[in-house]
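Here is a short tour to follow with the structure open beside you.

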Amino acid sequence: MCKVTIVLPVYNVAPHIHATIESLLLQTFKNFELLVLDDCSTDNTVEIVRSFVDPRIKLIVNPSNLGRAGTDNAALEYVQGEYIAKMDGDDICHPERLARQVAYLEQHPEVNVVGSFMQNFGASNYLNRYPAKPVDTQVLTLFTLPTGNPSAMLRASLFKQNGLRYDPTLRQTEDYDFCMRYIRELQIATLQEPLIQYRVPPNSQKKNILSERATVSDVVREKFLQDWQLSYSARELMVYNSIAMLKNTLQEISLTEVEMWLQKIVRHNEKKNIFDDLALKRGLGERWFEVCYMHKQSRLNSIRSFYRSSFADYSSVRLGKKAKLWAQMLLRF
């Protein structure tokens with residue numbers, strides 16, 4: 001029985017799939033199986049996968065197009081590993097990825113998901129960072145993905161014994177929906193190094209995708225508020241979604257409204273506890289900084305608002321980023 005099952009859903013990734021599979025076969029950790037699930041590709045993706053001669057590769061062709069969530073669910077029937085490593089068909093793995101994640105899960109039985117930083121390439125060179133500890137990743141889930149989905153390794157028991165599933169009706173943002181619906185069950189850690197190179201397509205290709213993701217994410221957050229029994233007005237929901245995605249609508253709300261909403265979350269958590277209190281204040285402090293940094297107020301209003309709030313006391317934003325806030329505000333003065 002293998003230790004790790006890599007689940008690799010693919011759809012029309014012929015230009016990239018060879019490099020992706022090569023990066024997996026070059027892993028220093030060898031005890032794995034690779035499930036490649038083709039979701040009815042119309043290019044020659046399947047032919048390229050079949051060109052690899054390695055007994056660890058198992059190709060499964062979906063009878064109909066299921067989407068990412070449906071394909072991830074369908075893969076569970078074939079999984080033999082103790083751990084499930086997620087992967088996208090156009091990304092590249094660091095050779096030590098599996099080894100380091102397996103070692104972490106072996107050493108931390110309280111953690112059931114471990115991800116890593118992700119280094120963008122292609123149309124972006126941004127480094128996607130995530131908190132290291134589960135208490136902090138849980139708070140980040142309030143706003144966005146707590147770790148990089150293609151970098152995640154999960155205990156198979158989450159699905160096989162606990163019955164967790166992706167929502168097959170979603171074609172985008174199924175990963176965020178999964179993390180939010182199971183926010184109480186998932187204990188997610190992130191290795192503080194980029195073990196995945198994440199391909200970013202040209203802007204012309206991703207505009208519609210990003211719009212759909214933003215819309216679904218708004219629905220996911222609203223469902224969470226309802227489940228948590230946190231009451232909200234239409235205006236508060238707009239504030240919440242604006243600060244979560246750092247949208248253009250951020251300029252349509254005041255920093256006073258933002259702080260009031262964050263304080264409301266803290267008070268509600270005291271009654272309906274989900275989050276560690278200190279981790280929640282720390283995470284909200286970091287979000288407060290991001291909002292103040294992005295908000296286009298005149299003169300020094302943003303920086304004054306940031307430091308006047310109690311959330312500034314909990315913010316652990318890096319010194320260099322705080323210096324950028326000062327520089328930005330001085331330029332506006």
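## Helix 3 and its cover

Let us begin with helix 3, whose buried residues are Gly-67, Arg-68, Ala-69, Gly-70, Thr-71, Asp-72, Asn-73 and Ala-75. With 8 of its 9 residues buried, helix 3 is mostly covered. Keep in mind as you look that this is a predicted model.

What covers the buried residues of helix 3? The cover includes strand 1, strand 2, strand 4 (83-86) and helix 7.

## Helix 1 among its neighbours

Helix 1 spans residues 17-25, and its buried residues are Ile-17, Thr-20, Ile-21, Ser-23, Leu-24 and Leu-25. These buried residues of helix 1 pack against strand 1 (4-10), strand 2, helix 2 (45-50), strand 3 (57-61) and strand 5 (92-93).

Arg-56 sits in the loop between helix 2 and strand 3. Not counting residues up to four places away in sequence, Arg-56 touches Leu-25, Lys-30, Phe-32, Glu-33 and Leu-34.

Which residues touch the most other members of the largest nonpolar core? Of its 61 residues, Leu-142 and Phe-224 do. At least two residues of this core come from each of strand 2 (32-38), helix 3 (67-75), helix 6 (157-160), helix 7 (174-181), helix 8 (203-228), helix 9 (234-245), helix 10 (255-271) and helix 11. Helix 11 gives the largest share, 7 residues.

Leaving aside neighbours within four places in sequence, Leu-142 is in contact with Tyr-176, Met-180, Arg-221, Phe-224, Tyr-240, Ile-265, Phe-275, Leu-280 and Leu-284. A second, separate core has 37 residues, including Leu-24, Leu-25, Phe-52 and Val-111.

## Helix 9 against helix 10

The axes of helix 9 and helix 10 come within 10 Å and cross at roughly 95°. The two helices are therefore roughly perpendicular. On the helix 9 side, the contact is made by Arg-235, Glu-236, Val-239, Tyr-240 and Ile-243, and on the helix 10 side by Glu-257, Val-258, Trp-261, Leu-262 and Lys-264. Sorted by class, this contact of helix 9 with helix 10 has 6 nonpolar, no polar and 4 charged residues.

## Helix 10 against helix 11

Moving along, helix 10 and helix 11 pack at an angle of about 170°, and their axes are 11 Å apart. That angle makes helix 10 roughly antiparallel to helix 11, because angles over 145 degrees count that way.

Helix 10 brings Leu-255, Val-258, Glu-259, Leu-262, Ile-265, Val-266 and Asn-269 to the contact, while helix 11 brings Asp-277, Leu-280, Lys-281, Leu-284, Trp-288, Val-291 and Cys-292. The residues of this contact divide into 10 nonpolar, 1 polar and 3 charged.

## Helix 11 against helix 12

Helix 11 (residues 277-294) also meets helix 12 (residues 301-308): their axes come within 9 Å and cross at roughly 170°. Helix 11 is thus roughly antiparallel to helix 12, and the crossing is right-handed.

## Two positive phi angles

Cys-40 lies in the loop between strand 2 and helix 2, and its phi is near 65°, a positive value in a residue other than glycine. Is Cys-40 buried or partly exposed? Its relative accessibility is 28%, so Cys-40 counts as partly exposed.

Thr-173 is found in the loop between helix 6 and helix 7. Phi of Thr-173 is near 65°, again a positive value in a residue other than glycine. With a relative accessible area of 7%, Thr-173 is buried, since the cut-off for buried is under 20%.

Key:
Residues numbered from 1 in each chain as written. Predicted model: local features only at pLDDT ≥ 70, side-chain atom pairs only at ≥ 80, totals over all residues. Heavy atoms only, no water. Axes fitted to C-alpha atoms, helices over the stretch in contact; angles between N-to-C directions. Helix = DSSP H or I, 4+ residues; strand = E, 2+ residues; numbered from the N terminus. Parallel < 35°, antiparallel > 145°, perpendicular 65-115°, else oblique. Left-handed = near helix turned anticlockwise from the far one by under 90°. Core = buried A, V, L, I, M, F, W, Y, C linked by side-chain atoms within 4.5 Å. Buried < 20%, exposed > 50% of the residue type's maximum accessible area, 1.4 Å probe, protein only. Contact = heavy atoms within 4.5 Å. Nonpolar A, V, L, I, M, F, W, Y, C, P; charged D, E, K, R; others polar.
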